[in-house]
Amino acid sequence: MKSLLRHLLLISAVTSTILSTPLAAKTLADVPLADEIVLSEQALQLNGAGIRSKFFMDLYVSSLYTQSPSQTLDSVLNAPRVAIRLNIVSGMITSEKMQDAIIEGFDDATGGEPEAIQPQIDAFMALFSAPIAEGDQFTLEAIKDLGVTAYKNGEKQATVEGEAFRKALLKIWLGDKPAQKSLKRAMLGE
């Protein structure tokens with residue numbers, strides 16, 4: 001009986017230690033992912049995240065933050081506020097390569113007709129004219145009926161206005177022709 005009681009106490013002590021230990025934050029490609037971020041005094045929760053890779057090389061970690069869980073493009077587009085965060089994990093990404101990828105993304109997101117939002121695309125592209133280094137972080141806060149505010153390494157860069165632009169930007173990662181299908185699924189929490 002004493003042996004059984006001692007065994008139960010040991011199990012109880014180990015279990016309570018395990019349960020009281022905080023779980024390690026989620027990480028992808030050695031990038032810690034915050035469960036919550038606050039932008040413009042609004043809290044957004046991590047919806048999902050994935051790794052953008054090309055030719056077996058990890059380029060960046062992309063994460064989607066929303067006010068409530070979103071598993072479809074429509075729910076993201078209709079949300080009042082969402083954010084996409086890009087954490088650069090490869091020194092192979094340059095500002096030129098990032099600009100080329102974003103231009104291609106806008107072309108895909110607009111069905112090959114980006115002309116209607118070209119002034120906004122040009123303003124947005126200026127954000128990527130400075131050198132990009134491994135470890136840089138870009139946060140793109142998309143606010144319905146306003147546009148997109150971009151942050152680099154936590155510092156506000158600019159706001160590009162326009163609802164059509166906001167939707168096209170989100171479609172680069174979450175649309176019918178996303179940057180990478182597995183990344184889209186991961187960001188939508190599938």
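Guide: In this predicted model, Q99, I102, I103 and F106 of helix 3 meet I121, F124 and M125 of helix 4, where a contact means heavy atoms within 4.5 Å and helices are DSSP runs (H or I) of at least four residues, numbered from the N terminus. Sorted by class, the residues of this contact comprise six nonpolar, one polar and no charged; Ala, Val, Leu, Ile, Met, Phe, Trp, Tyr, Cys and Pro count as nonpolar, Asp, Glu, Lys and Arg as charged, and the others, Gly among them, as polar.

Residues are numbered from 1 along each chain as its sequence is written. Because the model is predicted, local features need pLDDT of at least 70 and side-chain atom pairs count only at pLDDT 80 or more, while totals for chains, interfaces and linings use all residues, and side-chain values use heavy atoms, with hydrogens and water left out.

Two packed helices are described by the angle between their axes and the distance between the axes. The axes of helix 3 and helix 4 (residues 118-125) come within 11 Å and cross at roughly 160°, these axes being lines fitted to C-alpha atoms over the stretch in contact, with angles from 0 to 180 degrees between N-to-C directions. Helix 3 is therefore roughly antiparallel to helix 4, since angles over 145 degrees count as roughly antiparallel, those under 35 as roughly parallel, 65 to 115 as roughly perpendicular and the rest as oblique.

Within helix 3, which covers residues 95-109, sits Q99, and this residue counts as partly exposed because its relative accessibility is 21%, the class between buried (under 20%) and exposed (over 50%), found with a 1.4 Å probe on protein chains only. Leaving aside residues up to four places away in sequence, Q99 touches M125, F128 and S129, and a polar atom of the Q99 side chain lies 3.3 Å from the backbone oxygen of M125. Q99 and F124 are 25 residues apart in sequence, with their C-alpha atoms 9.6 Å apart in space.

Helix 3 also packs against helix 5 (residues 163-174), at an angle of about 110° and with the axes 8 Å apart, so helix 3 and helix 5 are roughly perpendicular to each other. Here I102, G105, F106 and A109 of helix 3 meet F165, A168, L169, K171 and I172 of helix 5, a contact of seven nonpolar, one polar and one charged residues.

Methods: Helices (H or I, at least four residues) and strands (E, at least two) are DSSP runs, numbered from the N terminus. A polar contact is a pair of N or O atoms within 3.5 Å; within protein, one must be able to donate a hydrogen and the other to accept it, and residues adjacent in sequence count only if both atoms are side-chain atoms.
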